[in-house]
Amino acid sequence: MRILYLIALAGGFAFLGSNVFGGREYFGNRRRAEIPPSVRQTPGGWRTFMHNHGFRGGK
Amino acid sequence: MPQASCPTCGAPLSFRPGTMVAVCEHCKSISARTDRDPRLIGQVADLVDTGSTLALGMEGRLDGRGFTLAGRTQLGHPLGGVWDEWYLAFADGRWGWLAQAQGHLFLTFREQAPGSIPPFESLQVGGTVHLGGTVWMISEFSRGTFKAAEGEIPWLVEQEASYPYADLSAPGGAFATLDYSEDPPLFFAGREIALEDLKLHGAGALAAKLKAQNLPCPRCGAPMPLRAPDQTQRVACAACGSLFDAEEGRFSFLKSLKQVDPRMFIPLGAEGRLAGMPLTCIGFLRRACTIDGLKYFWGEYLLLDSHGGFHWLVESDGHWSFVQPIPLAQIQRTGAVLARVPQAVQYAGNTYRCFQSTEAVVEGVYGEFYWKVEQGEHVHASDYVHENISLSEEIQRHPGGGEEVTWSCATYVPPEEVWLAFKLKGEAPSPQGIAPNQPNPHWKTARQMGLWMALALGLLLILFVYQSAAGERLLFQEHYDLFERMPALQPAAVPLAVPQPGSPDTKAEEAQEPVFFSNPIQVESGHRNLALTLRAPVNNAWIGIDGALVNEATGTTELFEVASSYYHGSDSDGPWSEGGQTETVFLSAVPAGTYVLRIAPQWDGKVPPVRAFDLELRSGVLHGLYYGLALVAILLIPILAVVRALAFESRRWQESMFTTSGGD
């Protein structure tokens, strides 16, 4: 049980520490994406890219 | 020192001041002091060898005053055996009474009774006597019978006379005796004393007189060694079950016992070491009590130490306890008393709860014993428990009306420790159930976790203070008026309507595709989280944001959704509400750089439920969820450990007669 507790403490503080010191978030409606370089080279191209890849806005 | 002659043989007799009776060392005549010549009382029997390390003529010092061991009497106890009373003649003319029994010494001096002494008939063991400012507890009241004597005696003895007495004890080792042989009764007060405190020297030898005897059983011839022949009163042959009276190594057959299954794990004669003492197993009792018609057995091993003292090792259902006597005066009764049994007692600063109280009966007798034990002998036994120590009170009635109470302290011994101590073969049987004084293994774990928990809570607090002190930073704030930014929504074109919950909007299917972009936002730290807050005064409606935080230079994009959704109303259960007008979404830290927010508002229907909403983007925001998770990790397992410990205690007390969940 003591080992289990040590693991739980390590896990709890790992989560908290990475949030406090690393700014990491693990929950919520969010995800990270990378815009391809070819799109980035086109001024304003990412706006069209996002519009066409899931963030259309509206129904 | 006044000298006289023995009326029988003419040998010189010494009568120092205070001597009432003298025993002739030549002819054993006992003579009383008179104004003239000594008066012959009779002849005394030979002294029983009690194994005492004291001897007549020894000199010693106590508190700076010299004394001589001037005389001794031996008094018979109603339960068998005798005890020695030595008389110390001090140089200043005072006399001290030194009682010696089972390795204990009690020194008392006659004193004026500081109050009225209760009549003998009113005494009750465990009761109290108030004398002066002291509350004395009655540990025993009975009658002692004069058996033998030597030297000078400071009181007038009579052949075979019996003397009623009561032994009292008080805190701090105080001891007193009430001598009811005179009217009014005499009061002797003193304390238990160690042999070393008497600083004895001179005649006699201080070496222990214990000498084991290897004798055969007179009935079956099986070896029946006596390991404490000077103290043994009764012996039971382990081979044939014959019970003998034993005095100074001489057996007299009493009867054949129909023994129960002994279930004896430590053989008679086995030597071992427990509690730092070398011990020899010399006797074994199988005892039982009957509760609700069921008989419960346990075994008690009588152990002899190298100083002639006795100890007990008790085995019950595979659980072992080492038992040592404790003074009655150290016990304080507390709580309600049911049928003469207090529900709790105090000892050494701890409260002991009553676990059970029952009649304990001797069912089997094996080996040798220091009292005249027999099958069917019963005592009233009560057990009190605190952690891994239990206290036992045994009240035994004496033949002739006396009563005696003894208290002992039983410390739990792991079975494997007993096996190791006595070098027993095989493995110890697994303990069944939970013993009254079995240590709760879960408390140790829980206590250790409690320490870790305190440290972890401290660390959590430090992190909280650190993050609170670091503060958060506002990176972006914008008020979005949808009617200004979307001309198609001008009131002249479309009336603003608030949809009702659940009512279908036929215009809802019409597509709305507003998308806004923020001005560049500067993110300076790549190690602080981000929080985007949406505030919209929605009322039985919702508005959401599909958003993205985009770094145009690197392509890093954090995509998110956030919605304000607030509904309320009332039904048969009363008013209700759900959701809120403010919602926050947390984003992971993004690399330092310049970002743009892409905002795509969403709602049901053609018309937005609100005219405007506000957005805020902050960095380094304290996210309570992670503190909550850490708190759960810190508290959950210690709470489970405490629950396990409490469950163990609950199972332990289910066996008690005084459990709160049932029983008496």
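Guide: Two strands pair if DSSP finds at least two bridges between them. Strands (E, at least two residues) and helices (H or I, at least four) are DSSP runs, numbered from the N terminus. In this predicted model, V21(B) stands opposite I153(B) in β12(B). This is a predicted model, in which local features need pLDDT of at least 70 and side-chain atom pairs count only at pLDDT 80 or more, while totals for chains, interfaces and linings use all residues. Residues are numbered from 1 along each chain as its sequence is written, chains are lettered from A and ligands numbered from 1 in the order in which they are written, and side-chain values use heavy atoms, with hydrogens and water left out.

Visitor: How do you know that strand β3 (residues 21-23) of chain B and β12(B) pair?

Guide: Pairing needs at least two bridges, and β3(B) and β12(B) have two, in the antiparallel sense.

Visitor: Which other strands pair with β12(B), such as β7 (residues 65-76) of chain B?

Guide: β7(B) pairs with β12(B) over six bridges, antiparallel, and G71(B) stands opposite G151(B) there. Eight bridges join β12(B) to β13 (residues 162-170) of chain B, again antiparallel, with S142(B) opposite Y165(B). β29 (residues 403-413) of chain B is joined to β12(B) by two antiparallel bridges, and F141(B) has E403(B) as its bridge partner.

Visitor: What makes β11(B) and β12(B) a hairpin?

Guide: β11 (residues 128-131) of chain B pairs with β12(B) in the antiparallel sense over four bridges, and two residues lie between the strands. In the turn, G132(B) has a positive phi of about 65 degrees.

Visitor: Why is β12(B) called largely enclosed?

Guide: Buried means under 20% relative accessible area, exposed over 50%, and partly exposed in between (1.4 Å probe, protein chains only). In β12 (residues 134-153) of chain B, 15 of the 20 residues are buried, so the strand is largely enclosed by the rest of the structure.

Visitor: Why are α1(A) and α4(B) called roughly antiparallel?

Guide: Angles run from 0 to 180 degrees between N-to-C directions, with axes fitted to C-alpha atoms, for helices over the stretch in contact. Under 35 degrees counts as roughly parallel, over 145 as roughly antiparallel, 65 to 115 as roughly perpendicular and the rest as oblique. Helix α1 (residues 2-22) of chain A and helix α4 (residues 624-654) of chain B pack at about 170 degrees, with axes 8 Å apart. The two helices are therefore roughly antiparallel.
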